[in-house]
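Visitor: I'm new to this one. Please show me the structure, and then I'll start asking.

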Amino acid sequence: MEHIEAIRKRQLGLALGVGIPYFAFVIGIFLYVYLAKEAVTQVILLDFPLHYWLVAIAIYPITWILFIWYVRKANAMEDEIQHGGGA
């Protein structure tokens, strides 16, 4: 039972440490596009406006990379605790 509690606490810390900045990043992108729409729509990259890249394209690879990293880190925490490496 101690192992489960240790895993839960460490993974909660990791989830909050990753989730809160990620949430702020996503909200920040949408706020930036909304508040600076005149400037953002003027910038064109590969025939698409910057706001399209930020909202429709950039968020998804960043999200997947972050999710994959988080799952690997959480699994490593579980393995470390299971094998008596820490609490």
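## Getting to know the model

Visitor: Is Arg10 buried, exposed or partly exposed, and at what relative accessible area?

Guide: Arg10 falls in the partly exposed class, because that label covers everything between buried (under 20% relative accessible area) and exposed (over 50%), using a 1.4 Å probe and protein chains only. The relative accessible area of Arg10 is 27%.

Visitor: Before we go on, what kind of model is this?

Guide: Residues are numbered from 1 along each chain as its sequence is written, and side-chain values use heavy atoms, with hydrogens and water left out. Local features need pLDDT of at least 70, side-chain atom pairs count only at pLDDT 80 or more, and totals for chains, interfaces and linings use all residues, as this is a predicted model.

Visitor: Which residue meets Arg10 in a salt bridge?

Guide: A salt bridge here is a side-chain nitrogen of Lys or Arg within 4 Å of a carboxyl oxygen of Asp or Glu. The N to O distance for the partner of Arg10 is 3.4 Å. This pair links distant parts of the chain, 70 residues apart, with Arg10 in helix H1 and its partner in helix H3; helices are DSSP runs (H or I, at least four residues), numbered from the N terminus. The partner is Glu80.

Visitor: The structure holds how many salt bridges?

Guide: Besides that pair, Arg8 bridges to Glu5, with the closest N and O atoms 2.6 Å apart. Arg8 and Glu5 both sit in helix H1, three residues apart, about one turn of the helix. The count for the structure is two.

Visitor: Are H1 and H3 roughly parallel or roughly antiparallel?

Guide: H1 (residues 2-35) and H3 (residues 50-82) pack at about 170°, with axes 10 Å apart. Axes are lines fitted to C-alpha atoms, for helices over the stretch in contact, and angles run from 0 to 180 degrees between N-to-C directions. Angles under 35 degrees count as roughly parallel, over 145 as roughly antiparallel, 65 to 115 as roughly perpendicular and the rest as oblique. So H1 and H3 are roughly antiparallel.

Terms used: Helix = DSSP H or I, 4+ residues; strand = E, 2+ residues; numbered from the N terminus.
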